[in-house]
Structure formats: structure tokens, C-alpha cells
Amino acid sequence: ARFGDQGVDASLRCTRRAGVRTGTVTPPDRQRMIVETIVTSVGPGGVVNFAPMGVEWDEQTVVLKPFVETTTFRNLLATRTAVVNITDDVRLIAQAAIADPIFPTVAAAIIDGRVLADVCTWREVRVTHVDSTPPRARIETETVYSGTKRAFIGYCRAQHAVIEAAIYATRLHFLDAAFLTRELARLQVIVNKTGGERELDAMASLATFITRGAGSGPGDSLP
């Protein structure tokens with residue numbers, strides 16, 4: 001998986017980003033918060049795909065930005081629907097970033113889709129506009145249903161650190177090995193100080209993956 005099939009940018013972690021590529025939902029002079037989520041989409045035969053993704057979040061709309069070669073992109077074009085899940089269990093984000101896991105799900109309320117079983121809150125969305133310009137599409141959606149299973153109180157520092165490590169894990173092909181080593185050490189300190197068992201487990205799996213893959217790309221400059 002890749003944060004930007006899977007396109008993460010940096011966690012509920014409320015980064016703000018100018019609207020780009022004129023579309024039907026986001027005026028070019030607007031800015032939107034980037035929210036870290038797991039997007040579930042359904043493919044042929046009912047196979048559910050889980051994509052960690054930073055999405056542009058607004059009151060009634062969500063913009064998804066999958067890479068055009070990914071399963072998420074193909075599923076969205078085929079079904080025109082998805083579920084945008086927010087969870088406080090960062091182990092799920094970590095696993096989805098470095099593997100192709102199958103998580104427990106339940107049926108969506110309105111669309112023909114699946115909701116993470118371990119979700120805090122979710123949105124069921126329908127596609128309203130697609131800009132398939134590579135490498136990353138820009139898919140604008142409208143929210144047709146919002147649900148809450150339990151309160152989402154935000155991410156602690158350790159959870160933020162895990163999400164940052166998960167982003168790095170999906171970008172090993174163009175991040176410098178020395179940079180990754182420094183960042184892993186910095187993020188590990190934060191997890192050790194402020195995290196619980198879930199965050200420690202997630203960070204351990206990410207650290208192993210990143211350490212094995214560091215230096216696999218050109219590595220001579222940061223993006």
C-alpha cells in the first residue's frame with residue numbers, strides 16, 4: 001500500500017493546502033484541511049481494499065487523491081463510491097501502509113460499501129468529479145452519510161509520530177537513507193515517551209520495514 005493509493009500528507013495533523021486543478025467542488029482560492037484516513041473501496045467480486053490516505057476534508061465534501069495506477073483509483077471509477085474512515089488505532093494505518101491487510105468491516109448504511117469495524121467516525125461518499133491527470137488523480141466526492149461509532153478525541157504525539165513514520169514507509173524510493181535513520185530515531189523517542197502498547201507495536205513494525213528498505217531509491221535529495 002502507499003499513502004496516496006494511499007496518499008497521506010501528515011495527520012489530523014491539520015495541514016492546510018490550497019485547492020488545485022479547477023473542479024466542481026473546490027474553488028481554486030479555497031484551502032482545506034488534510035485529514036488522515038483509511039479509505040475503503042470495493043472491487044470486483046466484493047473484494048475490499050484498504051488505503052491509508054490523506055484527504056481534503058470539508059463540511060460536506062471530501063477530495064480523494066489516489067495514484068492512478070492503484071486499486072483505489074480503479075474501484076472509485078467503477079463504483080463511484082467509497083467510505084472514508086477515521087480511526088484512533090494507528091496500527092491499522094501502519095499495517096495498511098506497508099502491506100495489503102484485510103481488516104474486519106461492516107456494511108455501509110447508504111452506499112454499497114464497507115465500513116471499518118474499528119472506526120471512530122466515517123463518511124460514505126459518492127464521486128461527483130474526476131480529474132485523472134497522473135500521477136495522482138483528484139476525485140471530488142459528496143458525503144451522503146456520516147456515522148459515529150465512538151468519539152474521536154484526536155491523535156496524541158505518539159500517534160502523530162506513527163503516522164509520520166507510515167508516510168516515510170511509503171516513500172522509501174525517494175528518501176535518503178541517512179534522513180530516514182535520523183527521523184526514525186526522533187519519532188521513536190516521541191512514541192516511547194507518549195505512546196501505549198498500540199503505538200509501540202505500530203512503530204516497531206514500521207521501523208523494521210523502513211530499516212530493511214532504506215536506501216532502495218536514489219536517495220540523493222528530499223522531495
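Start by selecting helices α5 and α6, which pack at an angle of about 170 degrees with their axes 11 Å apart. The model on screen is predicted. Two packed helices are described by the angle between their axes and the distance between the axes. An angle over 145 degrees counts as roughly antiparallel, and α5 and α6 are therefore roughly antiparallel to each other.

Show the side chains where these two helices meet. On the α5 side, pick Leu180, Leu184, Leu187, Gln188, Val191 and Asn192. Their partners in α6 are Glu199, Leu200, Met203, Ala207, Ile210 and Thr211. Colour this α5 and α6 contact by residue type, and it divides into 8 nonpolar, 3 polar and 1 charged.

**The loop between the two helices**

Now select Gly196, which lies in the loop between α5 and α6. Is Gly196 buried or partly exposed? With a relative accessible area of 28%, Gly196 is partly exposed.

Next, select α4, residues 157-169, together with α5, residues 177-194. These helices pack at an angle of about 155 degrees, and their axes are 8 Å apart. That angle makes α4 roughly antiparallel to α5. The crossing of α4 past α5 is left-handed. Which residues make the contact? From α4, select Arg157, Ala158, Ala161, Val162, Glu164, Ala165 and Tyr168. From α5, select Phe179, Leu180, Glu183, Leu187, Ile190, Val191 and Thr194. The residues of this α4 and α5 contact divide into 10 nonpolar, 1 polar and 3 charged.

Keep α4 and bring back α6. The axes of α4 and α6 come within 10 Å and cross at roughly 20 degrees. Angles under 35 degrees count as roughly parallel, and the angle here makes α4 roughly parallel to α6. The α4 and α6 crossing is left-handed. On α4, the contact uses Ala158, Gln159, Val162, Ala165, Ala166, Tyr168 and Ala169. On α6, it uses Arg198, Glu199, Ala202, Met203, Leu206, Phe209 and Ile210. By type, the residues of the α4 and α6 contact are 11 nonpolar, 1 polar and 2 charged.

Zoom in on Ala202, found in helix α6, residues 197-213. Ala202 is buried, with a relative accessible area of 3%. What does Ala202 touch, not counting residues up to four places away in sequence? Select Val90, Arg91, Ala94 and Val162 to see these neighbours. Then turn to the pair Ala202 and Ala166, which are 36 residues apart in sequence and 9.0 Å apart in space, C-alpha to C-alpha.

**Helix α2**

Move to α2, residues 71-79, and select its buried residues: Thr72, Phe73, Asn75 and Leu76. Look down the axis of α2: the buried residues fall within an arc of 165 degrees, so they line one face of the helix. An α-helix has 3.6 residues a turn, so residues three or four places apart point the same way. Then select Arg80, which follows α2 and has a positive phi, near 65 degrees.

Finally, show the whole protein chain, which has 6 helices and 9 strands. How much of the protein chain is made up of buried residues? Of its 223 residues, 51% are buried. Among contacts between residues at least 6 apart in sequence, 69% join residues at least 24 apart.

How values were computed: Residues are numbered from 1 along each chain as its sequence is written. This is a predicted model: local features need pLDDT of at least 70, side-chain atom pairs count only at pLDDT 80 or more; totals for chains, interfaces and linings use all residues. Side-chain values use heavy atoms; hydrogens and water are left out. Axes are lines fitted to C-alpha atoms, for helices over the stretch in contact, and angles run from 0 to 180 degrees between N-to-C directions. Helices (H or I, at least four residues) and strands (E, at least two) are DSSP runs, numbered from the N terminus. Angles under 35 degrees count as roughly parallel, over 145 as roughly antiparallel, 65 to 115 as roughly perpendicular and the rest as oblique. A crossing is left-handed if the near helix is turned anticlockwise from the far one by less than a right angle, and right-handed if clockwise. Contact means heavy atoms within 4.5 Å. Ala, Val, Leu, Ile, Met, Phe, Trp, Tyr, Cys and Pro count as nonpolar, Asp, Glu, Lys and Arg as charged, and the others, Gly among them, as polar. Buried means under 20% relative accessible area, exposed over 50%, partly exposed in between (1.4 Å probe, protein chains only). The arc is that of the directions from the helix axis to the C-beta atoms.
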